[in-house]
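Please keep the sequence and the structure in view while reading.

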4 protein chains.
Amino acid sequence: MEIRRVMTKFVLEKLQEPTVNNPILIEGLPGIGHVGRLAVKHLTIELKATKFATMYSNTFPPQVLIKENGIIQEMKNEFYFWKADDPSKKDIIFLTGNTQASTPEGQYALSNKILEIAVNYGVKIIYTLGGLGVGRLVETPKVFGAVTHDKLIPPLEKLNVIMKREGVGQIIGVSGMILGLAKVQDIDGICLMGETSGYYLDPNSSKAVLSPLTKLLNLKVDMNKLSEKAKAAKLRVAEAQKIERKMMENLGVVQKEPSEEQMRYIG
Amino acid sequence: MEIRRVMTKFVLEKLQEPTVNNPILIEGLPGIGHVGRLAVKHLTIELKATKFATMYSNTFPPQVLIKENGIIQEMKNEFYFWKADDPSKKDIIFLTGNTQASTPEGQYALSNKILEIAVNYGVKIIYTLGGLGVGRLVETPKVFGAVTHDKLIPPLEKLNVIMKREGVGQIIGVSGMILGLAKVQDIDGICLMGETSGYYLDPNSSKAVLSPLTKLLNLKVDMNKLSEKAKAAKLRVAEAQKIERKMMENLGVVQKEPSEEQMRYIG
Amino acid sequence: MEIRRVMTKFVLEKLQEPTVNNPILIEGLPGIGHVGRLAVKHLTIELKATKFATMYSNTFPPQVLIKENGIIQEMKNEFYFWKADDPSKKDIIFLTGNTQASTPEGQYALSNKILEIAVNYGVKIIYTLGGLGVGRLVETPKVFGAVTHDKLIPPLEKLNVIMKREGVGQIIGVSGMILGLAKVQDIDGICLMGETSGYYLDPNSSKAVLSPLTKLLNLKVDMNKLSEKAKAAKLRVAEAQKIERKMMENLGVVQKEPSEEQMRYIG
Amino acid sequence: MEIRRVMTKFVLEKLQEPTVNNPILIEGLPGIGHVGRLAVKHLTIELKATKFATMYSNTFPPQVLIKENGIIQEMKNEFYFWKADDPSKKDIIFLTGNTQASTPEGQYALSNKILEIAVNYGVKIIYTLGGLGVGRLVETPKVFGAVTHDKLIPPLEKLNVIMKREGVGQIIGVSGMILGLAKVQDIDGICLMGETSGYYLDPNSSKAVLSPLTKLLNLKVDMNKLSEKAKAAKLRVAEAQKIERKMMENLGVVQKEPSEEQMRYIG
């Protein structure tokens with residue numbers, strides 16, 4: 001018997017070949033408040049996007065997750081695609097997953113790999129979604145933007161995305177790095193960051209981030225439904241605090257990750 | 001004179017070739033409470049398993065241990081085998097040792113290496129044993145499970161292994177990662193985790209973990225003897241606290257590791 | 001479409017070929033108080049030096065910066081050159097940028113790369129500029145020196161650069177490492193370190209460092225102008241403290257970096 | 001002009017070829033209290049040993065030192081040799097320097113490299129010297145031993161080296177790792193560790209370690225002179241505390257390293 005998959009730098013397992021034309025890329029990997037990840041998950045579910053590839057890597061953290069039913073899950077990134085249903089929209093490739101890389105050089109390698117895949121499918125514009133931790137509960141999260149090119153600013157400001165800031169900021173991780181790499185390729189890049197406490201997964205911030213994004217892309221995504229779910233999630237914060245305390249008590253090293261149930265409240 | 005062994009990624013020194021048929025693999029490396037390591041050590045001693053290989057690696061921590069008699073011991077993993085003594089049982093390969101890898105990429109490389117060895121011997125099911133830190137002394141440790149495939153859950157639940165949990169958990173290190181890699185190879189994988197305080201080595205938790213394991217494998221391991229030793233170990237916790245305090249006072253940087261004597265109380 | 005620049009160890013993008021004869025190298029990368037970086041930025045602006053190359057690297061931190069207008073900026077090092085305007089001066093290559101490497105091995109690789117570039121252009125003497133954190137506000141920063149060869153000490157001491165110290169010190173990062181590497185190449189190396197609190201970017205310390213440097217190099221750099229700007233910057237410390245506090249409150253993870261406006265007060 | 005020395009994994013610059021027969025290796029690199037380093041420095045000075053090689057490496061910390069006169073010094077390891085002056089003694093190779101490697105894999109590579117060099121010169125026994133931090137001032141430091149083989153214990157115990165301990169200890173870094181690697185080569189290895197507070201460089205502990213070592217090797221090293229210097233060094237502890245406080249105040253990031261003057265008190 002042979003080893004079927006040696007865990008090397010990157011292993012991309014394709015389920016099918018996506019049939020997309022000049023797609024855009026929307027990225028939402030785990031980060032502060034899981035804002036980007038929850039937003040992309042919501043989009044893939046509401047738009048009924050199709051998963052077409054899973055990526056594994058030895059740059060990911062050295063662990064597996066245990067889902068609520070006791071089944072283990074490897075650390076991975078996942079690619080989905082969605083075919084535009086009318087000419088006013090664009091085909092989309094979504095990138096999400098349960099992890100980023102665990103070292104600086106791993107993050108560079110991962111961002112390179114993602115951009116390489118995007119370029120292969122002819123991507124000309126990249127949207128990256130994330131949270132912006134503010135260290136306090138936020139009722140109405142503002143959305144901050146960062147872009148690769150000047151020309152991208154006016155349409156964002158028209159949608160109340162805040163572009164100017166007082167100091168020089170940072171975008172740590174894939175959401176920032178693929179924009180830097182995109183710029184070199186003459187690919188347009190936009191990062192949308194929703195304010196979030198940074199303490200809990202925050203669907204309310206995800207909703208805030210999706211508001212300008214869906215307008216920009218002319219997508220009809222069921223936002224009312226998301227609003228309700230965000231409200232439910234809000235109610236769950238108190239409960240989550242209890243669960244977390246109990247988890248700490250019962251499970252110790254088994255650390256907090258959004259539960260599937262919590263995810264269902266979003267998507 | 002030549003360098004006999006340059007310390008590279010992995011050096012596997014075989015003492016003999018094990019004569020096993022479709023063996024299972026049982027892993028117990030150091031981790032929280034040394035629960036898995038103590039459990040596997042107990043099995044290898046009680047079953048009179050035969051050591052057949054030692055593995056060294058530059059992914060291990062940059063140190064050696066000093067045993068109680070003053071002899072130094074390299075960081076290493078060790079493989080044992082055991083031939084089933086009747087047709088109702090299966091041959092077993094045991095993996096134990098005094099360390100895991102010291103970096104994320106090292107953990108990936110180590111897990112790959114272990115799986116490669118397992119696949120080479122035709123392993124079709126892997127059991128990994130570990131502790132689950134709860135931050136308080138536990139009289140009657142519960143045993144939690146995590147598996148690669150649904151079909152493995154019912155037999156575990158019948159033996160009171162807890163499979164469902166409220167949140168998404170993690171298994172950090174080799175115990176989790178080789179299950180993730182096994183899943184891809186269509187190898188079944190089961191992780192059994194015993195509750196433990198996380199403060200001391202915990203033979204009582206090892207005993208808890210061995211209870212469902214020996215039933216699953218139809219092994220007659222002297223559990224009464226282990227029970228007594230676990231009780232003795234319990235009495236030693238207070239003493240260990242004293243020893244540790246004294247060690248800190250006397251030896252400073254020489255950090256706590258289970259003493260051979262403490263190990264003997266188990267095995 | 002092809003990937004135009006895969007982020008590898010180092011990518012050096014040349015804008016033009018500098019026409020320099022036996023130039024010196026002056027390095028000022030980010031470090032404590034951004035003393036070296038601000039000093040070199042001031043020199044490149046006042047001397048109207050010409051940017052000729054940008055260097056990217058996967059040894060840099062895995063992030064991008066967001067400038068005040070919302071445009072993202074990659075982590076990078078930049079090379080400038082300046083042609084001496086009379087025979088009493090020397091041609092200069094300047095190295096500055098927004099980052100150093102993020103790992104020990106990355107710092108070695110980066111320092112090697114920089115030295116290789118310097119040697120290629122025939123550099124025979126290297127000046128590195130930096131801060132020396134003292135943990136309190138400093139009105140009149142002293143300047144400390146460190147050199148590769150004995151013969152370089154007297155001219156520095158004549159300019160009140162402090163060469164003797166009570167203990168053995170360290171220069172961490174590129175400013176120190178390229179001097180170590182230069183020494184082996186029979187290249188002279190001088191490090192000038194200005195006292196700084198270490199809490200804020202400190203143009204006053206940059207000014208202190210430039211005083212002996214410009215005398216050594218017979219450069220007529222508008223120091224009065226810098227003095228004024230340093231005073232303005234000093235007034236801004238209190239404001240910066242407010243901005244920082246507000247930033248922490250508003251932006252959370254978006255960490256402090258000197259703003260473009262703050263930079264303009266210097267350059 | 002060419003780059004003369006690209007900083008790679010290891011660069012060994014030989015000054016001369018040592019003329020030694022079946023030498024022993026004595027290692028003393030920086031570690032807790034600089035006990036081993038000071039002991040080896042003392043031996044090389046008293047025995048008038050000859051430096052024959054310097055080793056540089058990108059596994060070392062990314063920095064240079066500044067000596068008290070302002071001259072920078074690269075991070076390095078140094079090899080000395082000493083020819084036995086009568087047949088009752090053995091030729092010696094000494095390894096000392098101002099650093100160990102900065103990463104786990106670097107420590108493995110460095111230890112391998114050192115052992116390779118030792119094996120090349122026909123070394124059959126290795127002595128490694130170090131400190132054992134106890135977190136309090138020690139008037140009369142005990143000496144603990146650790147060895148590769150049983151047979152080495154009795155002569156050490158006869159010299160009051162403590163071999164037995166209650167728990168399993170660790171030797172972190174080169175002093176431990178080259179013993180582990182030596183064992184595989186059928187090279188005998190002995191580690192001698194002197195109790196030390198861990199707060200200051202501790203020539204008194206170095207003296208304690210040299211006592212059994214010189215007896216084992218039948219070396220007539222001026223121990224009285226070392227005793228006096230150790231006493232002087234003891235008087236300097238209070239002063240060193242003042243200097244350190246002042247350094248912290250004056251120099252900030254420039255961290256504590258034994259000054260040349262302090263070194264002179266020993267050697």
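Two residues are in contact if their C-beta atoms, placed from the backbone, lie within 7 Å. A residue counts as buried if 20 or more other C-beta atoms lie within 10 Å of its own, as exposed if 12 or fewer do, and as partly exposed in between. Helices (H or I, at least four residues) and strands (E, at least two) are DSSP runs numbered from the N terminus.

The model is predicted, so local features need pLDDT of at least 70 and side-chain atom pairs count only at pLDDT 80 or more, while totals for chains, interfaces and linings use all residues. Residues are numbered from 1 along each chain as its sequence is written, and chains are lettered from A and ligands numbered from 1 in the order in which they are written.

Chain A has seven helices and 11 strands, and 55% of its 267 residues count as buried. Helix 2 of chain A is largely enclosed by the rest of the structure, because 12 of its 17 residues are buried; among them are A:Tyr108, A:Leu110 and A:Ile114. Its buried residues pack against strand 2 (24-27), strand 7 (92-97), strand 8 (125-133) and helix 4 (174-184) of chain A.

In chain C, 10 of the 12 residues of helix 1 are buried, so this helix is largely enclosed too. The expected span in the table is 1.5 Å times one less than the number of residues.

| Helix | C-alpha span, end to end | Expected span |
|---|---|---|
| Helix 2 (residues 104-120), chain A | 24 Å | 24 Å |

Helix 2 of chain A is followed by A:Gly122, with a positive phi near 80°, and helix 1 of chain C by C:Lys48, with a positive phi near 50°.
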